[in-house]
Each structure stands twice: as C-alpha cells, then as structure tokens.
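Open the model in your viewer and keep the selection panel at hand. The stops below go from aromatic rings to charged side chains and then to a pocket.

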Amino acid sequence: MPPGPLGIPIVGNRHQLPAIKPWRKFAEWNKQYGPVVSIFLGSTPVIILGTARAAWDLLEKRSEIYSSRPRFIVAGEILSDNKRGLMLPNNDHWRKWRKVLHSGFHARQAETYKEIQSLESKVALQQILNDPRRYEKHLQRYAASVVTSVTYGRRVDSVDEWIVKENMDAMDYLTSANIPGKYLVESWPWLLKLPRALQWFRREPEERRKRDINFLMHLFNDVKTRMQNGTIPDCLTSQTISNQARSGLTDLEVAYAVSSPFGAGIETTAGTLTVFVLAMLHFPSVMRKAQEELDRVVGFDRMPEFGDQESLPYINAVVNETLRWRPVAVLGGTPHAVTADDAYNNMYIPKGSTIFANLWGIMRDPVMFPSPDDFQPERFLETSEPRLKTFELPFGFGRRICPGMHLALNSLFVNVSRILWAFDILPAVDHGGNEVKPDPWNFTDGFNSRPVSFDCRLVPRNGRIAACIEEEYKAAMTRLDGWR
Ligand code: HEM
C-alpha cells in the first residue's frame, strides 16, 4: 500500500486526523510521505492524492474504476433514499441522474444561461454600489438567483426568500448527517439488519426526508403548472420534464436530480467570488493590472460583456488564480471510491478504498505552482502546460467532474470583470484611520471552505461608471420580469 502514518488497531488513523480542516493534515502527510498516501479510517483504507499528476493518472485515466463513491448510509441511503446522485455509487441510477445534469449544463447549453447571468450580475453591481458593506450577501444572492432561475425559471430578490432558506436548511441537515463518526451504523452496517423498529438512527433522517420531499415536489409541481400555463422560461426542470418519457425517471427522481445545483452551485460560486475580493485586498498590484486591461479594452462608457472575454486574458487568469489560491472545494468535493484492486507506481490500492484528491494541497504543490502563497495570475499566461491553459483542476476529475463547471466559470468571469471595472477594492479603515486587512487564512471549516466574513470598502472608480451601473440596472430589472 502507499506509505503513510502508522495507525492503531480498530480506529486506524482516525485519532490523528483533526476534526477541523483535515485538508491541512492531508497536505502535511503528502509532503512527508509523497504524492500518494494511505491511512485507515476504522477498517476503510483511505488514499490521499497530493498532486494533480497522481489525481489525473488515477481519477481520470482510470476513471472506469475510480468514479464511484464511498457508502453514505445515513445521508445518502436513509435521508436521500438513494436519489441524491452526488452520493450514489457509479451505477445506473447515478448515470441517469448525471445525464440530467449533463444535458442541463454542458458547455453549449451553458451559453444559453449567459443572459440571466449577465442581468443578475448587473443587479449585484447596483446593490454593491448602494450598499457596499453587504457585498457578500449581494454575491450570495447573485449565486442563489442564478441557480433558481436556471433550475426552476424563478429568480430571487433576496437570500431571505423562502426557497433559499428552505434549501439551506435541507443542506445544513444533509451536511450534519454526514459527519464521520456521528452514526454507529456507518461503521457497523449490519445494524441495518435489525428489525426496522429497532433502527433508532432512522427516525430523525426519515422525518427530515418527508420535509425534503414536500419541498422538492412543491418546486417540481410549480414548474409543471407554469409549463401548462405557458408562463415559464426554459429551464433545467422544464427540459427534464419534457424529456421524462424518454428518460424513464419518476417525478420524484426528477425533483431530486434538478435540485442538485442548489447544494452544489450556490456556496461554491459565492464563496469563490468572496475569495476574489480577499485576494484583491492582499494583492493590489494585481487589481491595478486587471483594471488597466479593462480600461484599455472596455473603457468607462459601458460595462464588460461576455463578448469581451477573449480580449481579456488577464481577467481570465485572475479567475483561474482565484480558484487555485484558495479552492473552495478544499477536499475535491465528495470523495471518490475505487471499485477494483489496482496498482500505481508499485503501490497496491485495494478495492473499496476511499480516495481524496486534496485540492487544498494539490493547488499548493510548489512544483506545479511555484510560490503558491502568492496570487500570481501570470502563472496561467506564461505556462506551456495545456492543463493550466484550460484550468479544469478546481472542478474535480474524470466521470465525476463538476457538471456545473461552465455555468460557474461564466459566473466568475462576468462578476470578476465587472467588479474590477466598477470598484476599487480597498481595506476597511478603523476608528484611528488605519487600514485593516482581513486575515488571508481565516476560512470556514466544513465541506466547502470560504473566507470568514470580513469588512472592506468597494469604492466606485468614477462617476461615469456609477451612472452606467444605475442605467444598466433599470434595464435589467425590466428584462428580469419574465423570471418571477
Ligand atoms: C466555483 C464554483 C464551483 C466549484 C469550484 C465546483 C467544484 C466541484 C468539485 C471539485 C466537484 C467534485 C468533482 C469530483 O468528484 O471529482 C463538484 C461536483 C459537482 N458539482 Fe460543482 N463546483 C462549482 C459550481 C457548481 C455549479 C454552479 C453546479 C450546478 C449547476 C455544480 C454542480 C455539481 C454537481 C451536481 C456535482 C456532483 C457530480 C457527481 O457526483 O457526479 N457545481 N463540483
């Protein structure tokens, strides 16, 4: 097996793994033992990949055996009734679920969502202009509204709307059910053989499941009604319903499948945009260089559009560097599992191992990314490595690669370019007039890791830009009427 720290019988290495930010420990082990490390969590072998090369060699080149998931008994089987594909093993159910997301979000289909992304980003800019202190909330609203629009054809004005809150509750419960060690049945699956009445761990997640189903079916039925009335814009749910006879999916399976962007696409997108703001506070020379490019290509009389993207290589590099500098999907998303015994560089990888591609460590590999703590967009412009030119690494691997990648990259481009065009991003100032920069390492713990909320100033660069934002906002709100 690959090298790794020595564990103890029964618990394996669990006691050596901190409950908080385990990705840091993973990276330490990769530094000490090499790019492929093995540990045991209980009796399950766990492989930690610490370089992009190792992750590509295994998760991509051998994706037919590395694209499954570990078993999630409570969160996946009991709470989600095997209908949340993110936690499904590589089987027919998952393939059908994945097809829904692929047809909804592949590169060409993502082009059709650019209009709503552009309109929503104009709303976000105007909100930042008028209420800059709550910039983080505005970015979260942007991300939530794009997801509800492309999924259910309905935008949101605020993150306090019922649909967003109910979804957050559901996601919080899902995450809380997925904490390693919380449920005995995850380590002792034979407990599932007890008479159902004695399976005490079922009651709470099964109650929650009823609530989830009510919520998801309500959204599904709302789309169906609006399809019958002819009042819904084209969206993932309407497309999937139109296709249902061919796909053979039940109503409930569709309701779960189309809800995936809720859990996977809001926090990741908004968190990455907050990382961008944090980076600009610490690397003001990058901000100036990006603004010079925007001033040259776009000017002050109009805002950047998707059509400018090819003429803005530095902005594209800033987006890539944001995804690298502090990847929000720190552990590479949900771990993979390998479905057959394998060997790699003379190391044995047993069937059933859980595989983490530790993006936090991978993005800080000094061979691929020299001076990894520095925010250097230039590394994406001066490279001859094709895999850095189209930078898909932050979105995972092989058959499990993020299906929302194109939608996400479009969101990042349109917001990063417009925020830089519109505002100087400056540190907050304390009572004594001193600039206060947030700690660049202060990130949340959890499945996705984003910066802990921080204050800063977003100051409009000039009056022409401010007037342009107000004008574009008015026009955007009229166009957005169709998305209510
Ligand atoms: C900056 C934003 C985003 C980042 C960094 C990100 C990153 C990731 C990563 C690393 C994975 C795991 C891939 C793997 O297992 O190898 C993933 C999976 C996934 N992402 Fe994203 N994502 C983002 C936005 C989105 C959006 C906008 C959507 C939906 C429209 C989405 C939907 C999904 C889904 C459904 C999966 C699970 C795929 C599966 O298990 O087959 N993501 N994402």
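Are Phe-215 and Phe-262 buried or exposed? Select the two: both Phe-215 and Phe-262 are buried, where buried means under 20% relative accessible area, exposed over 50% and partly exposed in between (1.4 Å probe, protein chains only).

The model is predicted, so local features need pLDDT of at least 70 and side-chain atom pairs count only at pLDDT 80 or more, while totals for chains, interfaces and linings use all residues. Residues are numbered from 1 along each chain as its sequence is written, and side-chain values use heavy atoms, with hydrogens and water left out.

**Rings**

Stay on Phe-215 and Phe-262. Their ring centres are 6.2 Å apart and their planes at 15°, so the pair is stacked. Rings of Phe, Tyr and Trp (its six-membered ring) pair if their centres lie within 6.5 Å; planes under 30 degrees apart count as stacked, over 60 as edge-to-face and the rest as tilted. Phe-215 belongs to helix H11 (residues 203-229) and Phe-262 to helix H15 (residues 260-282), so the pair ties together parts 47 residues apart in sequence. Helices (H or I, at least four residues) and strands (E, at least two) are DSSP runs, numbered from the N terminus.

**Salt bridges**

Next, select Arg-461 and Asp-424, whose side chains meet in a salt bridge (4.0 Å, N to O). The term stands for a side-chain nitrogen of Lys or Arg within 4 Å of a carboxyl oxygen of Asp or Glu. Arg-461 is in the loop between strand S9 (456-460) and helix H21 (463-479), and Asp-424 is in strand S7 (residues 423-429), 37 residues apart. Asp-424 counts as buried at 16% relative accessibility, whereas Arg-461 is partly exposed at 22%. The structure holds 36 salt bridges.

**Pocket**

Finally, select Gln-309, Asn-316, Thr-390, Leu-409 and Asn-410, which lie nearest the centre of the second largest pocket among its 22 lining residues. A pocket is an open set of points on a 1 Å grid over the protein atoms alone, where a 1.4 Å probe fits, with protein on both sides within 12 Å along at least five of seven lines; lining residues have an atom within 4 Å of a point. Helix H6 (107-111), helix H17 (313-325) and helix H20 (405-422) each supply at least two residues of this lining.
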